[in-house]
Structure formats: C-alpha cells, structure tokens
Amino acid sequence: MDYPGTVSELTTRLRAGGYLADRGLATALLVSLSLHRPILLEGEVGVGKTEVAKVLAAVFGRKLIRLQCYEGIDTNQALYEWDYARQMLQIRALSDRQVADEQAVDKLFGPKFLLERPLLEAVRAGDQAVLLIDEIDRADDEFEAFLLEVLSDFQISIPEIGTIRAESPPTVILTSNRTRELHDALRRRCLYHWIGYPAAEREVEIVLVREPAAAEHLTRKVVDAVHRLRELDLAKPPGVAETIDWVRTLSFLGEAELTPEAAGDTIGAVIKDRDDLDLVSANLEEITSGA
Ligand SMILES: Nc1ncnc2c1ncn2[C@@H]1O[C@H](COP(=O)(O)OP(=O)(O)OP(=O)(O)O)[C@@H](O)[C@H]1O
Ligand SMILES: [Mg+2]
C-alpha cells in the first residue's frame, strides 16, 4: 500500500489507526515518507513518539522493525549475530573427514546460521518496513556513529557472506527523550519534529480515541488536572500515556467525578515519583478544582 500524498490524507489514515497527529507532525511525516528521509522525533515522555511509528506501520501494511536502544548496545545486537549454538551442533554432527573439508566449514558461516537483528532485517525488508530506532539518546556515541553509517547507505557488509543492500530504503523513525545531546551529523541526516504536550481539547480527543468507553465529562476533568500538574515543578511530569491511565483507572473504579479523594486514591496512575507525590498530595484540592 502506498503512502498518501497529502497531509490531510495521512492524518485521516493515522486517525483510523487510533493516532491523532497534529498538522505539524503529519506534515513532517509526509515529507519524510515522500523524500525518503529519516525523521527524528524528540519530545516529552509519553507523548506518542513510539506510538506513531507503530500506527504508521500498521495502517500502511508495513512491517514494524524496532531497534530499542539502551546503554551498551553494540553492533552485534543491532545488525546480526552468528548462531553459535546451532553452529556447535552442526560441528558435532560433522564427521572428522567433513570437518577437514573447507566447504563444510564455510557453510557454518552461511545464511542458515545467521541471526538477523533489526538493522539487517530492515535492510532486507527495504521499503516494506518501518524501522523504529527507539530512544537513540540511550545508546552511546560510537553506536550513534555506526548508525549514521547504516542510515546513509543502507548497506551492510558481512565478511563471510557479502554485502546486502536495500533496493529501496525502509521508512526510518528515530525517537529521543533528550537525555543526551545527539550529534549534529545525525541531526543533519534527519528531518526533525518536536512533539510537545497536546492542547487540552486534543488530549481529550486522544483519550477518547484510546479509551472509547470513558465518559467525556470525567475525561475533561482529568485532562484539566493533568495540565495543572504539568505546570508544577515535577521531576516526572505526566505524559499523555499517564492521562489515559488515570482516566482508565478512575473509570475502572466507577468514579464519575474527579474529587480530591478520588484523585488521591488513584494518583499512582499519574505520578510516578516520591517527591512529586508529596508535592501533589499537598495540593489535590487545587489540582482537581480548576482553580
Ligand atoms: N497523538 C496520539 N494519538 C493517540 N494516542 C496517543 C497519542 N499520543 C500519545 N498517545 C498514547 O500515549 C501512549 C504513550 O505513547 P508513546 O509510548 O508513543 O510515548 P513516547 O513519546 O514514546 O514515550 P516515551 O518517551 O516514554 O517512550 C500510547 O500508547 C498512546 O496510547
Ligand atoms: Mg517511546
């Protein structure tokens, strides 16, 4: 299925998949898809950076390939590894005479024993895939430099097998929570879009798309309260994910109103830090009242 040619069409398709993109994000995505440029999404925690890649892949019938970055991730985990266990089994199955045969040994480093990791998988899948490189800021510098290389030519050399190249590159979405500055070189390769917290109206809409059974009245109250929480000086301000969780929790408990008591009982759905908890608990009245 081809990607759409207009911002409104893309917006409609994403919405059908349960994702509400504002005009800025939809435009940035459209350009990225049309020009085959990777897009770097930065933003607050829990504002839909990862989700947009998932929904994009789902609604356009692409395979989602996710490379989750973390401290210490290395090229083996990102590209490919040899399946040592199977290689060992194969060696044991070979007779002494066969082991002496160079060809039999070469076969041990053939496609059968290659374990695909996300980047190799993405190069092979080409434009049938959406490659999500999630939380790139958690990986270290060297890994970022290596990624840059892969992203620039979508070509992977495996000494034992040869070079594998993507005929047409996959769609690439990178996300970052800005725990570390990314290199200029990486930024330059990508289109960039910042996803901030949605306006209240839109956040209500997002919650209702995600949680259609939720009452609109309660949802509005929760969104207002969350917006007030975001104005406090919290260590971990709540994202959209927390708003959804809070509405879900209150609905589950059968609460129709966001009273200070109900908020206090369920605050763990939205506040996830000890100091924040103290600050918020002392101000529940104000947070839930709309003052
Ligand atoms: N615009 C949106 N439309 C629909 N759902 C959204 C939107 N924004 C956020 N969500 C919801 O919020 C949840 C959290 O989003 P997601 O995991 O993509 O956030 P994130 O920005 O990747 O957060 P993190 O920085 O923690 O990785 C999603 O599961 C989704 O349900
Ligand atoms: Mg994420």
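The lining of the largest pocket comprises 16 nonpolar, eight polar and eight charged residues. These assignments refer to a predicted model. The volume of the largest pocket is about 620 Å³. Its lining consists of 32 residues, among which Gly46, Val47, Gly48, Lys49 and Glu51 lie closest to the centre of the pocket. Two or more lining residues are contributed by each of helix 3, strand 9 (191–195), helix 11 and helix 13.

The largest pocket is the space taken by ligand 1. Helix 3 (49–59), helix 11 (200–210) and helix 13 (240–252) are the elements that give two or more residues to the shell around this ligand. In total, 17 residues surround ligand 1, and the closest of them are Leu20, Gly46, Lys49, Thr50 and Glu51. By class, the shell around ligand 1 contains eight nonpolar, five polar and four charged residues.

Individual atom pairs between the protein and ligand 1 were then examined. A polar atom in the side chain of Thr50 is positioned 2.7 Å from an oxygen atom of ligand 1. Gly46 approaches an oxygen atom of ligand 1 through its backbone, with an N or O atom at 2.8 Å. For Arg210, an N or O atom of the side chain lies 3.2 Å from a nitrogen atom of ligand 1. On its own, ligand 1 has 630 Å² of accessible area, of which the protein covers 83%.

The second largest pocket has a volume of about 300 Å³. Its lining is formed by 20 residues, and Leu33, His36, Arg37, Pro169 and Pro170 are the ones nearest its centre. At least two lining residues of this pocket are supplied by each of helix 2 (23–35), helix 9 (141–153) and strand 8 (171–176). The lining of the second largest pocket divides by class into nine nonpolar, five polar and six charged residues.

Conventions. Residues are numbered from 1 along each chain as its sequence is written. Chains are lettered from A and ligands numbered from 1 in the order in which they are written. This is a predicted model: local features need pLDDT of at least 70, side-chain atom pairs count only at pLDDT 80 or more; totals for chains, interfaces and linings use all residues. Side-chain values use heavy atoms; hydrogens and water are left out. A residue is near a molecule or strand if one of its heavy atoms lies within 4 Å of it. A polar contact is a pair of N or O atoms within 3.5 Å; within protein, one must be able to donate a hydrogen and the other to accept it, and residues adjacent in sequence count only if both atoms are side-chain atoms. Accessible areas come from the Shrake-Rupley method with a 1.4 Å probe; for residues, only the protein chains shown count as cover. On a 1 Å grid over the protein atoms alone, a cavity is a set of points where a 1.4 Å probe fits but cannot get out, and a pocket is an open set with protein on both sides within 12 Å along at least five of seven lines; lining residues have an atom within 4 Å of a point. A molecule sits in a cavity or pocket if more than half of its atoms lie within 2 Å of its grid points. Helices (H or I, at least four residues) and strands (E, at least two) are DSSP runs, numbered from the N terminus. Ala, Val, Leu, Ile, Met, Phe, Trp, Tyr, Cys and Pro count as nonpolar, Asp, Glu, Lys and Arg as charged, and the others, Gly among them, as polar. Grid points are joined across faces, edges and corners, and a volume is the space filled by probe spheres set on the points.
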